Amino acid sequence: MAKQKFKTEVSQLLQLIIHSLYSNKEIFLRELISNSSDALDKLRYLTLTDKKYKKIAFNPKVSISFLNTDKEKTITIEDNGIGMDKEDLVQSLGTIARSGTKKFLEQLSGDSKKDSNLIGQFGVGFYSCFMIADKVEVVTKKALDSKAYKWKSDGKTGFNIVDTKKETNGTQIVLYLNDNGHEYANRWSIDNIIKKYSDHIAFPIELNYTEEVDKKVENKTDQINSGSAFWKKSKSGLKKKDYNEFYKALSSDTEDPLLYIHTQAEGNLVYSTLFYIPKKAPFDMFRADYKSGIKLYINRVFITDDDKELIPTYLRFVKGVIDSEDLPLNVSREILQKNQILEKIKKNSVKKILNEFKNLLSKKREDYTLFFEQYGIPLKEGLYQDFENKDLLYDLMLFKTNKSDGYVTLEEYAKNMSKDQKSIFFLTGSKINELKNSPLLEVCNSKNIEVLLMDHEIDEMVFGGGMHKYKDFDFKSINHANALEELGDKKDKEKDKTNKNIDSLIKKIKKVLDNQVKDVVSSKRLANSPVCVVADSNDPTAQMQDLMKQMGQANFDTVKPIFEINPDHKIVKKLSKMPNNKQFKDSVLLLFDQALLVSNIKIENPGDFISRINGILEKSL
Ligand code: ADP
Ligand code: MG
């Protein structure tokens, strides 16, 4: 067969991998062993569930051997797993099927530690062998097939595939080591790397070598790994270091996890789960095609790592293993999804995970804060996905507020409330800094009332709907008119009435702003600013309207804001004495635009705004 070129992104990727992983190049062996283990998992599943495969004698193992002569240095990794046919070879080793490739290339930072982390996440593990080899040969035969193939590549230009002979099903990979790889062609290096990265692999990993005994060279074989399913090991014998190492092997992350949660349930339902929370959110957490982080086993038999139903979507950043003894092996995925036992395990797992988060919050606030900065947004999704665990999820929320630079929990917020406060106030927008300086906060600041500052779209969706309650408290957005009514005292109202000038000013302003506002009112919330805009009590806020437009619901009429003016402000007082001339009109329009701008709402005509400002500048300079 003629030589086939790699897809361009493959050769690009190969170069990047070779450079970025250079300091961590020994992981090639972990990646190849992990692929062999996957291949054995797949075949085991078939032999257990599919009659056609029953005739295959399944004696799973991974064998490793090496050659170290002056002429040639090689390492060979062989398994008797599922194997590949021609199409598999082209698909798996000649293209990068995952849509993440482009994203991957964009995300490379040049920092090899970070980048090697990414490589694992993107599942381009096989290519890592070109760091230490300048030629790689893959001889493989798919289970039940009669034909075998040899794939050959230098990792630079392309690959070719030829027919070949192979007795048994499975895959043999020969690495022709380059200068960077010479150091690995010996018993000790291989032994060390396997112990370090692959000890938990559930199949025997054997190392073949020769030894001189009584002047005769003998062939020897050792099993290197301990080979038991890690999550089934007794918890008391496991140390944090062991958990961390298993995590790295499982996830290909190079950093330790933030948290691990190991459960071995006995009794009615026998299952083990081991969950990890990565320190950094997976790169694809906000992509629709994110990769599931949970592997399902039934009594140590690998079933799938591609079932997004195994954990609620809002916990999609959790990585780990679910292993149940009570599930039937021979079931289709559709049936599995409706399985009562699995449902129960999932439910228990979610509770357990959320409770561990809560634990972290109460015991290690700093760690929790880092956690929340990574995962706060998906957890908020939980507030509208997981009604059952709503209370637990509320306890996990952290908020910035007008009164603190750090975060507060709702419990802390409630503790700080004044006795007659009935609602939890919040303000939505797009940046914390901008929110902190919002005129809408002025009265709250002066009365020392705490307001949650919410800077993400999801906040509007979760808390803005008015469906949520924490304990007995409603959530109230102060982007709305009247939101602060419960705070108002009589004095304010009396003061209003006495201020007759303001009524006529309001009439004049209404004429100018006519179809741009829903109403103009005298404000009870402003202290230092002359004006602000708010949404009417039952209207969506400007942020919500943006969100609805983004989601394709553009066919609603934009709802106009209410314009509030501060009767005690110098500018407003001066305005009330002005005749209804062009300068008055310009001033009102300027004030209105600045009220929009400070709330980060688009103004209709920036050009007009600028020329009005310039008019004033000209006069004042
Ligand atoms: P990943 O393991 O994340 O899928 P890799 O680059 O490590 O990515 O491997 C790519 C693909 O090549 C695998 O998904 C698998 O289909 C195939 N493959 C690699 N090694 C083997 C093997 N030893 N036996 C069977 N298939 C293999
Ligand atoms: Mg792999």
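Trainee: What's the bridge partner of Tyr 297 in E13?
Mentor: Phe 302 is the partner of Tyr 297 there. Ile 298 is bridged as well, to Val 301 in E13. Keep in mind that this is a predicted model.

Trainee: And in which sense do E12 and E13 pair?
Mentor: Antiparallel, over three bridges, with E12 covering residues 294–298.

Trainee: How many residues sit between the strands in that hairpin?
Mentor: Two, and Asn 299 takes a positive phi near 45° in this hairpin.

Trainee: How does the span of H2 work out at 1.5 Å a residue?
Mentor: H2 takes in residues 27–49, which is 23 residues, so it should span 33 Å. The C-alpha atoms at its ends are 33 Å apart, so that agrees.

Trainee: How many of the residues of H2 are buried?
Mentor: 17 of the 23, so the rest of the structure largely encloses H2.

Trainee: Which residues are buried in H6?
Mentor: H6 is residues 187–197, and the buried ones are Arg 187, Ser 189, Ile 190, Asp 191, Ile 193, Ile 194 and Tyr 197. H2 turns up again here, as part of what covers them. The cover also includes strands E2 (62–68), E3 (73–79), E8 (205–213) and E9 (216–223), plus helix H7 (240–251).

Trainee: What's going on at the start of H6?
Mentor: A side-chain oxygen of Asn 186 comes to within 3.1 Å of the backbone nitrogen of Trp 188.

Trainee: Switching to the cores. How many residues has the largest nonpolar one?
Mentor: 78, and Leu 315, Phe 357 and Leu 379 have the most contacts inside it. Helix H9 (residues 340–363) gives the largest share of this core, eight residues. There's also a second, separate core of 45 residues, with Leu 29, Val 62, Cys 129 and Ile 205 among its members.

Trainee: What is Leu 379 in contact with, leaving aside neighbours within four places in sequence?
Mentor: Tyr 314, Leu 315, Phe 317, Leu 354, Phe 357, Tyr 368, Phe 371, Leu 393 and Met 397.

Trainee: And Lys 380: buried or exposed?
Mentor: Buried, because its relative accessibility is 8% and the cut-off is under 20%. Lys 380 is in helix H10 (residues 365–385). Beyond four places in sequence, Lys 380 is in contact with Phe 372, Met 397, Ile 458, Asp 459 and Val 462.

Trainee: Last bit, the whole protein. How many helices and strands?
Mentor: 21 helices and 22 strands. Of the 621 residues, 50% are buried. For contacts with a separation of 6 or more, 71% come from residues 24 or more positions apart.

Methods
Residues are numbered from 1 along each chain as its sequence is written. Chains are lettered from A and ligands numbered from 1 in the order in which they are written. This is a predicted model: local features need pLDDT of at least 70, side-chain atom pairs count only at pLDDT 80 or more; totals for chains, interfaces and linings use all residues. Side-chain values use heavy atoms; hydrogens and water are left out. A nonpolar core is a set of buried Ala, Val, Leu, Ile, Met, Phe, Trp, Tyr and Cys residues joined through side-chain atoms within 4.5 Å. Buried means under 20% relative accessible area, exposed over 50%, partly exposed in between (1.4 Å probe, protein chains only). Helices (H or I, at least four residues) and strands (E, at least two) are DSSP runs, numbered from the N terminus. Contact means heavy atoms within 4.5 Å. The expected span of a helix is 1.5 Å times one less than its number of residues. Two strands pair if DSSP finds at least two bridges between them. A polar contact is a pair of N or O atoms within 3.5 Å; within protein, one must be able to donate a hydrogen and the other to accept it, and residues adjacent in sequence count only if both atoms are side-chain atoms.
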